[in-house]
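Let's take a friendly look at how side chains meet inside a protein. Have the sequence and the 3D view ready as you read.

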Amino acid sequence: MILHDIYISYRYSCCSSVETKSFEAMATPSRARPNLRGLTIFITGASRGIGRAIALKAASDGANIVIAAKTDKPHPKLPGTIYTVAKEVEDAGGKALPCIVDVRDEAQIQLAVQKAVEKFGGIDILINNASAIALQPTLKTDMKRYDLMHNINARGTFLVSKACLPYLQKSKHAHILTMSPPLDLSPLWFSKNLAYTMAKYGMSMCVLGMADEFKQDGVAVNGLWPKYVIATAALRMLRSDESFQFARHDGIMADAAYEILRQNPRDYSGGLLIDEDVLRASGVTDFTKYACVPENADKLIGCMFNDPKTYESVKSKL
């Protein structure tokens, strides 16, 4: 499948008015890579969830996967470690390098990047997936949680990207893909979860800034966000399992990421994309298979930062 017509919206608000500007991103079919075989992909937060799903999707092509995450021992509430995912990657047909990485720790990041370059000869793709979440209003957000979200989300994205960029600049197929939302400055998204929104928007600003800064080097930088809620392990810790009968599984994000990462980096950069839009542009018409409960495929809960009309229903169901 090849990406073609994708429309990306950046919304800017002043007081109560919102101005929407749309930009068409076009991929060139003749220059898209057939698969990810032989490429080295550095994925943060890859011990579970969306990071793991992207790792396994790329591994099925024969890619080299650097599994950069904190979990080296089983977590009491969350499944997966860097070592269990490494085995899954190799079983799927890829090569794996598990690395203990806390994206707040510059020394750990630099060491993991060095190990990746020594083992695989370079880095072609970076997936900024590591993220922290706390859906709380201002007065209920303690500063420890505030600092955690900003240090992992915004600072971590900047820091890992900075460490990988010298090697991405040498690659012939360089991509940075960050799990971050479209930028909508409507007060709605700030008033409910101010600290979290600031931290996630920091990741999106890294996308826009680095896409332009490294355009001449042939490094594509894009963001990817789900249209509907994804039933990740992290969200399951916060909400009841029942709420996820109206969610999608992480396979849709992996499939959308795959389509983006195959594009020629000089043709396709600077987008804050939505998973379903990417796949529709790639020819997908049936999304039932991505629903956790196929019977509820037409009753899904909209994800934050997309359609403001869905937000209250999200809060009530999750």
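## Salt bridges

A salt bridge is a side-chain nitrogen of Lys or Arg within 4 Å of a carboxyl oxygen of Asp or Glu. The model you see is predicted, and it holds nine salt bridges.

One of them joins Asp-102 and Arg-104, whose closest N and O atoms are 2.8 Å apart. Are these two partners buried or exposed? Asp-102 is buried, because its relative accessible area is 16% and buried means under 20%. Arg-104, with a relative accessible area of 32%, is partly exposed.

## A salt-bridge network

Now find Glu-276, which meets the side chain of Arg-248 in a salt bridge of 2.8 Å, N to O. This pair links distant parts of the chain: Glu-276 belongs to helix H9, while Arg-248 sits in the loop between helix H7 (233-238) and helix H8 (251-261), 28 residues apart. Both Glu-276 and Arg-248 are buried.

Glu-276 also forms a salt bridge with Arg-280, where the closest N and O atoms are 3.0 Å apart. Here both partners lie in helix H9, four residues apart, which is about one turn of the helix. Glu-276 is buried at a relative accessible area of 4%, whereas Arg-280 counts as partly exposed at 45%. Through shared partners, salt bridges join Lys-227, Arg-248, Glu-276 and Arg-280 into one network.

## Aromatic pairs

A pair of aromatic rings is described by the distance of the centres and the angle of the planes. This structure holds six aromatic pairs. In one of them, Tyr-201 and Phe-305 are tilted, with 5.3 Å from centre to centre and 50 degrees between the planes. Tyr-201 lies in helix H6 (residues 194-213) and Phe-305 in the loop between helix H9 (275-281) and helix H10 (311-317), so the pair ties together parts that are 104 residues apart in sequence.

Which other ring pairs with Phe-305? The ring of Trp-225 does: the centres are 5.7 Å apart and the planes are at 55 degrees, so this pair is tilted. Because Trp-225 lies in strand S8 (residues 219-225) and Phe-305 in the loop between H9 and H10, the pair ties together parts 80 residues apart in sequence. Trp-225 is buried at 8% relative accessible area, and Phe-305 is buried at 1%.

## A cluster, and a charge over a ring

Tyr-201, Trp-225 and Phe-305 belong to one aromatic cluster together with Trp-189, Phe-190 and Tyr-196. Elsewhere, look for Lys-57: its charged end sits over the ring of Tyr-258, 5.0 Å from the ring centre.

Key:
Residues numbered from 1 in each chain as written. Predicted model: local features only at pLDDT ≥ 70, side-chain atom pairs only at ≥ 80, totals over all residues. Heavy atoms only, no water. Phe/Tyr/Trp six-rings, centres within 6.5 Å; stacked < 30°, edge-to-face > 60°. Helix = DSSP H or I, 4+ residues; strand = E, 2+ residues; numbered from the N terminus. Buried < 20%, exposed > 50% of the residue type's maximum accessible area, 1.4 Å probe, protein only. Lys NZ or Arg CZ within 6 Å of the ring centre and 35° of its normal.
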